[in-house]
Amino acid sequence: MVDDCIFCKINKGEIPSTTIYEDDDFKVMLDINPASRGHAVILPKNHAADLFELEDEDAEKLFKVARKCAKAMKEVLHCDGINVLQNNGEAAGQTVFHLHVHLIPRYKGDTVNI
Ligand code: 5GP
Ligand code: ZN
């Protein structure tokens, strides 16, 4: 837990979020500013600023959770595709420095810019 980290606060329930999946290691919530309908973000419960700080154990589990949620999203949202996106560093577009993975459902003919 890092005191001034917004995603640590969300993980602890200090800031509300629309959670769509949760287990001991991860919370998955809807993005507050969605790029598309159903855009979700996977947050590890352990704070790591980015991929370079992520523990191996969390890295191993992360893609499994991404796949589980992507499958569920495909069924529920009937999207035509899903982008799995993860930004590291300001230059790469990272704005929240608690590692997270975006799940961005895509719909045929949409105009999402990522
Ligand atoms: P980044 O640009 O760092 O890869 O992505 C950060 C994402 O977190 C953005 O898509 C932004 O909309 C989302 N976000 C930032 N603050 C909050 C928040 O308080 N709640 C939720 N649900 N999403 C947030
Ligand atoms: Zn954090």
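This is a predicted model: local features need pLDDT of at least 70, side-chain atom pairs count only at pLDDT 80 or more; totals for chains, interfaces and linings use all residues.
Residues are numbered from 1 along each chain as its sequence is written, and chains are lettered from A and ligands numbered from 1 in the order in which they are written.

**Exercise 1. Describe the make-up and overall dimensions of the protein chain.**

Step one is to list the elements, taking helices (H or I, at least four residues) and strands (E, at least two) as DSSP runs numbered from the N terminus. The protein chain has two helices and five strands, and from the N terminus on they follow the order α-β-β-β-α-β-β.

Step two turns to the overall dimensions. The radius of gyration, taken over C-alpha atoms, is compared with a globule rule of 2.2 Å times the number of residues to the power 0.38. The protein chain has a radius of gyration of 14 Å, close to the 13 Å that the rule gives for 114 residues, so it is as compact as a globular protein of that length. Along its principal axes the C-alpha trace spans about 40 × 30 × 30 Å.

Step three looks at the annotated stretch, where residues 6-113 are 27% helix and 23% strand, with the end C-alpha atoms 24 Å apart.

**Exercise 2. Work out how the strands are arranged.**

Begin with the rule for pairing: two strands pair if DSSP finds at least two bridges between them. Strand β1 (residues 19-22) pairs with β2 in the antiparallel sense over three bridges, and these two strands form a hairpin with three residues between them. Within this pair, E22 stands opposite K27 in β2.

Next, β2 is joined by five bridges to strand β3 (residues 40-44), and these strands run antiparallel; here F26 stands opposite P44. The chain of pairings continues from β3 to strand β5 (residues 101-106), antiparallel over three bridges, with I42 opposite V101. Finally, strand β4 (residues 81-85) pairs with β5 in the antiparallel sense over five bridges, and I82 stands opposite P105.

Putting the pairs together gives an open sheet of five strands in the order β1-β2-β3-β5-β4, with antiparallel pairing. Its edge strands are β1 and β4, each of which pairs on one side only.

**Exercise 3. Which elements give two or more residues to the largest nonpolar core, and which residues touch the most other members?**

A residue is buried if 20 or more other C-beta atoms lie within 10 Å of its own, exposed if 12 or fewer, and partly exposed in between, with C-beta atoms placed from the backbone. A nonpolar core is a set of buried Ala, Val, Leu, Ile, Met, Phe, Trp, Tyr and Cys residues joined through C-beta atoms within 7 Å.

The largest nonpolar core holds 19 residues, of which A40, I42, A66, C69 and L103 touch the most other members. Two or more residues of this core come from each of α1 (6-12), β2, β3, α2 (56-77) and β5, and α2 gives the most, with five residues.

A closer look at A40 uses contacts, in which the C-beta atoms of two residues, placed from the backbone, lie within 7 Å. Leaving aside neighbours within four places in sequence, A40 is in contact with I20, V28, M29, L30, D31, C69, M73 and L103.

**Exercise 4. Decide whether P44 and H78 are buried or exposed, and describe their surroundings.**

For P44, which is found in strand β3, the count is 23 C-beta neighbours inside 10 Å, and P44 is therefore buried. Its contacts, apart from neighbours within four places in sequence, are D25, F26, D58, L62 and L99. P44 and L62 are 18 residues apart in sequence, yet 7.8 Å apart in space, C-alpha to C-alpha.

For H78, in the loop between α2 and β4, the count is 10 C-beta neighbours inside 10 Å, so H78 is exposed. H78 also has a positive phi of about 55°, although it is not a glycine.
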